[in-house]
Amino acid sequence: MSIIRITNASVINPEVRINGASVIIEDAEIAEVLPAGTPLPDADETYDAGGALLVPGFFDIHAHGAVGYEITDDDPAAIPAVCKAKLEEGVTSYFPTTLTLGHEALAKTMERVALYCEKEEYCRVPGVHLEGPFINPSSLGAQNPAFVRKPDIEEVLQLAAIAPVSEMTFAAEMEGGAEFARQLLENGIVPSCGHSKATYAQFRDAYARGLRHLTHFCNQMSPLHHRDIGLVGAGLLHDDVRIEIICDKVHVSVPMIQLVFDRKPIESILLITDSMRASHLPDGPSSIGGLDVIVKNGEARLAKDGALAGSMLRMNQALRNVVEVTGLPVEDVIQTTSWNQAEELGLGDQFGRIEPGYAADLVLLDEADYSVKGVFVGGEKRL
Ligand code: FE
């Protein structure tokens, strides 16, 4: 058994901060969290955190790419490269997120995910997030209209037979959409409504069949109107509906971030990056799902119509932005980056907290700028 000590860390857990603490890792799990001054057990390795924040490893459930790659690229280097970039953001668990593509291309991506999962040399990949192809053709954003089709559980199950599908974004107003939510749940997949013009009544149909998750809240969804509160109203109204949110201050404005954190229970907010191919790269031309993109001033937009085309956001920046915008202490915000996601998947007793028995998936952050100083996955220092 190998024992690792991380000393002199500000350990951050949901609602708890312990300065000057030490964390003892035995094999892949957290064995003890010891307050300052406690005698430490012998260890094989010791890391001095130098007072940095030690937070649960981030869980990005929605990101398409980074460092010049999209996870759907027909290139065996794509998924490992994106997973390496995610690790550098402090992400220890990640759902590679597909785009609206043909079945062959999606199946090929699933094969490449399965291959990555044999080793998982960077972050963990517990499953895939299928974003589309069953979305509303009039709410595409940067999704390619050529491949939009009607909800089809058989197609999803074919893909899930290659690699696990954990989440599926679809438009609830599509033919059979509400029933599709129930079919996904039956198969252990989180149904999420997005790229959708659903009315509140259409949302309620899917809600009645178990829908409790909205994809990139506010972006590509029916806005709040006082006679039909749409999906934005549904997300704000229903405490038990989890919302993904891109807190880059571009996809969602600062007052909207404030409103969401004011209104929603913190356990129903899930920070995502929705990062695309050009994330981690300087401004310049790029692409998403075969469509041309221009990145300027850190904003990725489609060349043809200026629609937002995914973000440049990193998970550590997302956390920092929310702390800055809301004024909440980091220990209040931290559960939106991993524990809430783990809870939704029924893994809240294994991931997202720095407590005995939890996986030793940990990130060291500089408290001044939230830059990533180190990353542990299953007790192994990978960065
Ligand atoms: Fe999207």
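Visitor: What should I keep in mind about the numbers?

Guide: Residues are numbered from 1 along each chain as its sequence is written, and side-chain values use heavy atoms, with hydrogens and water left out. Since the model is predicted, local features need pLDDT of at least 70 and side-chain atom pairs count only at pLDDT 80 or more, while totals for chains, interfaces and linings use all residues.

Visitor: Let's start with rings. How many aromatic pairs are there?

Guide: Rings of Phe, Tyr and Trp (its six-membered ring) pair if their centres lie within 6.5 Å; planes under 30 degrees apart count as stacked, over 60 as edge-to-face and the rest as tilted. Searching the whole structure turns up six aromatic pairs. Take phenylalanine 59 and phenylalanine 95: the ring centres are 5.1 Å apart and the planes are at 80°, so this pair is edge-to-face.

Visitor: Where do phenylalanine 59 and phenylalanine 95 sit?

Guide: Helices (H or I, at least four residues) and strands (E, at least two) are DSSP runs, numbered from the N terminus. Phenylalanine 59 is in strand S6 (residues 58-63) and phenylalanine 95 in strand S9 (residues 91-96); they are 36 residues apart, and the pair links distant parts of the chain.

Visitor: Are phenylalanine 59 and phenylalanine 95 buried or exposed?

Guide: Buried means under 20% relative accessible area, exposed over 50%, partly exposed in between (1.4 Å probe, protein chains only). Both phenylalanine 59 and phenylalanine 95 are buried.

Visitor: Which residues of H5 are buried?

Guide: Those are Tyr200, Phe203, Ala206 and Tyr207. Look down the axis of H5 and these buried residues fall within an arc of 120° (taken from the directions from the helix axis to the C-beta atoms), so they line one face of the helix. Ala201 and Ala208, on the other side of H5, are exposed.

Visitor: What do the buried residues of H5 pack against?

Guide: Contact means heavy atoms within 4.5 Å. The partners are helix H4 (177-186), strand S13 (213-214) and helix H6 (230-237). Just after H5, glycine 210 takes a positive phi of about 110°.

Visitor: What sits over the ring of tyrosine 207?

Guide: A charge sits over a ring if NZ of Lys or CZ of Arg is within 6 Å of the ring centre and within 35 degrees of the ring normal. Here the charged end of arginine 212 does that, 3.6 Å from the centre of the tyrosine 207 ring.

Visitor: On to salt bridges. How many does the structure hold?

Guide: A salt bridge is a side-chain nitrogen of Lys or Arg within 4 Å of a carboxyl oxygen of Asp or Glu. The structure holds 19. One of them joins glutamate 70 to arginine 277, with the closest N and O atoms 3.3 Å apart. Glutamate 70 lies in strand S8 (residues 69-70) and arginine 277 in the loop between strand S15 (269-272) and strand S16 (284-288), so the pair ties together parts that are 207 residues apart in sequence. Both glutamate 70 and arginine 277 are buried.

Visitor: Which salt bridge has partly exposed partners?

Guide: Arginine 382 and glutamate 380 meet in a salt bridge at 3.6 Å, N to O. Arginine 382 has 23% relative accessibility, so it counts as partly exposed; glutamate 380, at 45%, is partly exposed too.

Visitor: Which residues are linked in a network of salt bridges?

Guide: Look at Glu179, Arg182, Glu186 and Arg209, which salt bridges link in a network.
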